[in-house]
Amino acid sequence: MTLADAKKKPLALVSDAKLQMLNSLNTRSDEIDRLVNVICFNKYMSDPFYMQVFVQNNQPEQWQTMIESIYEAIERPEPSFANAKHIASHRLQPIRVRTSTLGAPLASSENPMDRITQHLGNVGI
């Protein structure tokens, strides 16, 4: 410990360690598993015993490397599929504009005017 760090009170060292942990977490804001790690660090920082042990066992120069090693050591819990619900494979069909289920369209008629009218009706004109 440096002379300035030795003169600091333990509570000041703990608050400095918490601040360094928060700064370290903020630098990793773009990582996918950040939420799990933040929750773990929050439990760690909110317990006075663990923070006191962290400050007593590590020099302030070592804090950053210790924080990084703790961060890297956190494992994500395995997902549980016990409460997962089965989704039916058949879904509701959308409403269709065309009347394809009502038989053969009029476009098969021999009258060209009826076919043109049917095609224009299908387009919406």
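This is a predicted model: local features need pLDDT of at least 70, side-chain atom pairs count only at pLDDT 80 or more; totals for chains, interfaces and linings use all residues.
Of the 125 residues in the protein chain, 17% count as buried.

The protein chain contains 6 helices and 0 strands, and its pattern along the sequence reads α-α-α-α-α-α. Among contacts in the protein chain with a separation of 6 or more, 63% are accounted for by residues 24 or more positions apart.

Helix α3 (residues 34-46) and helix α4 (residues 48-57) meet at an angle of about 85°, and their axes lie 5 Å apart. Because angles of 65 to 115 degrees count as roughly perpendicular, α3 and α4 are described as roughly perpendicular to each other. On the α3 side, the contact is formed by Tyr44, Met45 and Ser46; on the α4 side, Pro48, Tyr50, Met51 and Phe54 take part. The residues of this contact comprise 6 nonpolar, 1 polar and no charged.

The geometry of helix α6 (residues 112-123) was also compared with expectation. At 1.5 Å a residue, the 12 residues of α6 should span 16 Å. Just after α6, Gly124 adopts a positive phi of about 105°.

Methods:
Residues are numbered from 1 along each chain as its sequence is written. Side-chain values use heavy atoms; hydrogens and water are left out. Helices (H or I, at least four residues) and strands (E, at least two) are DSSP runs, numbered from the N terminus. The expected span of a helix is 1.5 Å times one less than its number of residues. Axes are lines fitted to C-alpha atoms, for helices over the stretch in contact, and angles run from 0 to 180 degrees between N-to-C directions. Angles under 35 degrees count as roughly parallel, over 145 as roughly antiparallel, 65 to 115 as roughly perpendicular and the rest as oblique. Contact means heavy atoms within 4.5 Å. Ala, Val, Leu, Ile, Met, Phe, Trp, Tyr, Cys and Pro count as nonpolar, Asp, Glu, Lys and Arg as charged, and the others, Gly among them, as polar. Buried means under 20% relative accessible area, exposed over 50%, partly exposed in between (1.4 Å probe, protein chains only).
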